[in-house]
Amino acid sequence: MRLRPFQKYRSSLLTRFILIIAVALLFIPVLIPISLIASWGVNRILYPMPKVERNPVYQSGKELESLWHKEALALSTSTPEEINKRLEELKTMYPDASLFWVDQTGTTRLQLPQQETLPLKWSISDAITFMKQRVDADPFTIVAFIDGEEEPGRGFMVFELPRKFMNIVSEGRPSDTRFLFGFFSLMLIFFILLSYFFFRDIRHRLLRLEAAMTHTGENGVPALIQEGKPDEIGRLETAFNHMVDELNDSQKREQEEENLRKSLISNLSHDLRTPLTVLASHLYSISKEPLSEQGRHSLSLMETKIGDLDGLIDHLLSYNLLASGRYALSLERQDILRIVRESAAAWYPVWEKAGIEADINLPDEPLHWNVDEQGLRRVLDNLFQNLVRHASGGCYVGISLTKWRGTVALVISDQGPGMRSTSPAKGAGLGLPIVDLLLQEMGLIRDTESSSEGTSIYIYPV
Amino acid sequence: MTNTSLLYIEDDLEIGDWVCRNLQERGYIVTWLTSGERALEEASSNQLVILDVMLPGLDGFTVGQRLKKQYPLLPILMLSARTSIDDKLQGLQFADDYLTKPFHPDELIARIEVLLRRTGSPSPEPLKIKHLLFHEKENRIVNQDTGEEIILTGKQFNIFNYLLRHLGQIMTKEQIYEAVWGDTYLDGDKTLMVHIRHLREKLERDPAVPEIIETIRGIGYRVRA
């Protein structure tokens, strides 16, 4: 699959990984400010403005102060009576405040209300002590000189107000950074989750791919998998599917080739055997006619040769299939003694006819080997056939189990003239190579001990 | 066995002619077809089918499968020049026997008889084995020496009947056990031996020297006519 460069980068695992790394690097310079801003924003949203309750009469200290100074300035040219009158007016406006004034001689004049603690005659130290005491204290105190620029030193007037009557400012806004830790943790968790999901996804997909590769179907080829995102792993999945397709194709081709070869051999077998059958049928018909001794002998020889030819065709074709590996064996763990007994049962009448005494000594307990039943039958058939053909002179066939090279072996023995002797029925000798090929396919070994006294064939698993 | 009708499907004229003549000489009624096309219609009136594999048109495997599907009880004997194990296995999926060419006519007859005995209707003629007469129809065994009927238990009869159906063939202990008991043969099981001993006590003239049920040492048992 070809991707446009942008899409390729966008869908690359590397890009995503770099993105995560970038997030990690930006943590301090970007995320901390972001969490700060977020914390500030949230704080503002949750606590919009500190609530200020305004006292409609007393307003703020600043306003009272400027008002008091303005009044003092306005009274700078007034007579003491006028000052008293004005203070009384002001007292009605600010009933909770204490007002008094002191004239230029330091004598306390009008007090509204009367205060015991105030000195009647103010010395300089009294004034300084009073001023010192009242700085930023309760009551809130404003001292204003009642003098204009033209006429200084006419005394001062004092406005005292317990602070509880002044503007009540509710508690200030909580710190803007109180949510910082929360936001920071949230982002940290988000980052950790992001990384975790990124790697978990990769791991999950790799494991899925691994499972798909390990599990093979009936034909030994893994099944196709669903292709996911078009990143590196996605491309791996595509490549994997491509490979599976190729494998299936090649297996199909191989199967076709195998079928072709098998059918060719089947047809060849048919075409060779049909004339042979016709030949045999005519020989049989002739054998029904009255014949001379010589004729009868020739006929029997011809029948034997047709039998040999039949065997040879069979061997030739079997060998061809076997040698090319087209002979499909399905190995199964099974009791071979059962197969041996059944094969011996089929051959027993032949042995009886040839005057061969069968000495079959097999235990009742099964012997499990990994074999193909038809393959093993074929092996036994070939061995028994050889025995009948070449060793019937010994009039003996022995089938038993024995200890051989550290394992249990099946022994087929005869008392014939041995393999090195020349047998009148000796042919191309494809029987034993077929036996060996089959045994090899089934993981079995054949050992042969042959002397003029007889032959023993040992078959045992590797 | 006479008056048994066989359906023979073979495209090779020489072989077909020869086999036909041979079977007819032995008293069989033979219907010979050179292709499988009319096999299904003809099969209904026959007791056994002999079938070649390489046929023009429908091949023998296909014809055989169709025959078996329509007439499950009709025995089919494949007679083919194809000898590979694959072909045999494919044939034996539906056929009852597989004989390869070239063959001896005596072997063909022997196999036909085994098949008819195994699957066909019981013959009205009693089967004679040594001193015993076996009336297949009534499942009756008569000892000719004494003229008395021999009564067997169910299992004993099943074992004897199984060996009779495979007359002349050696059957292994496993084969007999699995056919009669319908169960997997367990190693070293003495049940079959015990049953054979009791069977012999009833059937044999001298159970110590059995004549009817032969022991083939190391392989199994056999009953011969």
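Modeller: Among contacts in chain A between residues at least 6 apart in sequence, 68% join residues at least 24 apart. Please keep in mind that this is a predicted model. Chain A has 12 helices and 13 strands, and 20% of its 462 residues count as buried.

Let us begin with helices α7 and α8 of chain A. Helix α7 covers residues 180-214 and helix α8 residues 232-287; they pack at an angle of about 10°, with their axes 11 Å apart. Angles under 35 degrees count as roughly parallel, and α7(A) and α8(A) are therefore roughly parallel to each other. On the α7(A) side the contact is made by A:Ile202, A:Arg205, A:Leu206, A:Leu209 and A:Ala212, and on the α8(A) side by A:Ile233, A:Leu236, A:Glu237 and A:Phe240. By type, these residues divide into 7 nonpolar, no polar and 2 charged. An α-helix has 3.6 residues a turn, so residues three or four places apart point the same way. That is a handy thing to remember while you look at the numbering on each side of the contact.

A:Leu13, which lies in helix α2 (residues 13-25) of chain A, touches A:Ile202, A:Asp231 and A:Glu232, leaving aside residues up to four places away in sequence. Between A:Leu13 and A:Ile202 there are 189 residues in sequence, yet their C-alpha atoms are 8.9 Å apart in space. A:Leu13 has 15 C-beta neighbours inside 10 Å and so counts as partly exposed.

In an unreviewed entry, UniProt places the feature "transmembrane region" at residues 12-40 and 179-199 of chain A. Residues 12-40 of chain A are 93% helix and 0% strand in the model, with end C-alpha atoms 37 Å apart. For residues 179-199 of chain A, the span is 95% helix and 0% strand, and the end C-alpha atoms lie 30 Å apart.

The buried residues in α11(A) are A:Gly375, A:Leu376, A:Arg378, A:Val379, A:Leu380, A:Asn382, A:Leu383, A:Phe384, A:Asn386, A:Leu387 and A:His390.

With 17 C-beta neighbours inside 10 Å, A:Gln374 counts as partly exposed, because a residue needs 20 or more to be buried. A:Gln374 and A:Leu329 are 45 residues apart in sequence, with 8.2 Å between their C-alpha atoms.

In the loop between α11 and β10 of chain A you will find A:Cys395. A:Cys395 is not a glycine, although its phi is positive, about 55°. Most residues other than glycine have a negative phi, and most peptide bonds are trans. A:Cys395 counts as partly exposed because 14 C-beta neighbours lie inside 10 Å.

Helix α6 of chain A gives a contrast in burial. α6(A), residues 124-134, is hardly covered: of its 11 residues, the count of buried ones is 0. After α6(A) comes A:Asp136, whose phi is positive, near 50°.

Finally, a look across to chain B. There, 25 residues of chain B are in contact with 32 residues of chain A. On the chain B side, the elements that give two or more residues are α1 (13-25) and α4 (85-92). The residues of that side divide into 10 nonpolar, 6 polar and 9 charged.

Chain B has backbone details of its own to visit. A cis peptide bond, with omega about -5°, joins B:Lys101 and B:Pro102, and B:Pro102 is found in the loop between β5 (97-100) and α5 (105-119) of chain B. B:Lys130 has a positive phi, near 45°, in a residue other than glycine, and its place is in the loop between β6 (127-129) and β7 (132-135) of chain B. With 15 C-beta neighbours inside 10 Å, B:Lys130 counts as partly exposed.

Methods. Residues numbered from 1 in each chain as written. Chains lettered and ligands numbered in written order. Predicted model: local features only at pLDDT ≥ 70, side-chain atom pairs only at ≥ 80, totals over all residues. Buried ≥ 20, exposed ≤ 12 C-beta atoms within 10 Å, placed from the backbone. Helix = DSSP H or I, 4+ residues; strand = E, 2+ residues; numbered from the N terminus. Contact = placed C-beta atoms within 7 Å. Axes fitted to C-alpha atoms, helices over the stretch in contact; angles between N-to-C directions. Parallel < 35°, antiparallel > 145°, perpendicular 65-115°, else oblique. Nonpolar A, V, L, I, M, F, W, Y, C, P; charged D, E, K, R; others polar. UniProt positions renumbered as here; feature names shortened; annotations may be inferred.
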